[in-house]
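Visitor: I would like to learn how to read side-chain features in a model. Where do we begin?

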Amino acid sequence: MSLLVVLTENVPPRLRGRSAIWLLEVRAGAYTGDVSRRTREMIWQQLDSGYEDGNIVMAWASNSESGYDFQRLGRIAGNRTTTMG
């Protein structure tokens, strides 16, 4: 299990509600929780399938040099992109 932080912006209300099922919404669009890798990947799939024109950043604790990893979804210059950090 590791700390997970998800930040959302301009996502549909249904996706915000779904995110609150697994994570604690500490501020509008900001979620956190202590989840397994499997749960984190399942949450990412849900976010990826429903973010529409919004954008999302997901960061979690890891054994990398920085101590964390992240992924993001969103529109950059009109292109739908998925980036792994």
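Guide: This is a predicted model. Begin with a salt bridge: Arg-14 pairs with Glu-52, and their closest N and O atoms are 2.4 Å apart. The pair links distant parts of the chain, with Arg-14 in helix α1 and Glu-52 in the loop between α2 and β4, 38 residues apart.

Visitor: Is Arg-14 buried or exposed?

Guide: Exposed means over 50% relative accessible area. Arg-14 is exposed, at 56%. Glu-52 is partly exposed, at 41%.

Visitor: How many salt bridges are counted?

Guide: Three. Arg-16 bridges to Glu-25, with the closest N and O atoms 2.6 Å apart. Arg-16 is partly exposed at 31% relative accessible area, and Glu-25 is partly exposed at 31% relative accessibility. Arg-37 and Glu-41 meet at 3.0 Å, N to O. Both of these lie in helix α2, four residues apart, about one turn of the helix.

Visitor: Which residue lies over the face of Trp-60?

Guide: Arg-40 does, at 4.1 Å from the ring centre. For aromatic pairs, ring centres must lie within 6.5 Å. The count of such pairs is zero.

Visitor: Is Ser-19 buried or exposed?

Guide: The cut-off for buried is under 20% relative accessible area. Ser-19 has 4%, so Ser-19 is buried. Ser-19 belongs to helix α1, residues 13-22. Now look past its neighbours within four places in sequence: Ser-19 is in contact with Tyr-31 and Leu-47.

Visitor: Which residues make the nonpolar surface patch?

Guide: A patch takes residues with over 30% relative accessible area and no salt bridge. Here Leu-3, Val-5, Leu-7, Val-57, Tyr-68 and Phe-70 make a nonpolar patch of about 490 Å². The elements giving two or more residues to the patch are β1 (2-9) and β5 (68-76).

Visitor: Which element gives the largest share?

Guide: Strand β1, with three residues. Leu-3 is one of the residues in β1.

Terms used: Residues are numbered from 1 along each chain as its sequence is written. This is a predicted model: local features need pLDDT of at least 70, side-chain atom pairs count only at pLDDT 80 or more; totals for chains, interfaces and linings use all residues. Side-chain values use heavy atoms; hydrogens and water are left out. Rings of Phe, Tyr and Trp (its six-membered ring) pair if their centres lie within 6.5 Å; planes under 30 degrees apart count as stacked, over 60 as edge-to-face and the rest as tilted. A charge sits over a ring if NZ of Lys or CZ of Arg is within 6 Å of the ring centre and within 35 degrees of the ring normal. Patches are made of residues with over 30% relative accessible area and no salt bridge: like charges are joined within 9 Å, nonpolar side chains (Val, Leu, Ile, Met, Phe, Trp, Tyr) within 5 Å. Accessible areas come from the Shrake-Rupley method with a 1.4 Å probe; for residues, only the protein chains shown count as cover. A salt bridge is a side-chain nitrogen of Lys or Arg within 4 Å of a carboxyl oxygen of Asp or Glu. Buried means under 20% relative accessible area, exposed over 50%, partly exposed in between (1.4 Å probe, protein chains only). Contact means heavy atoms within 4.5 Å.
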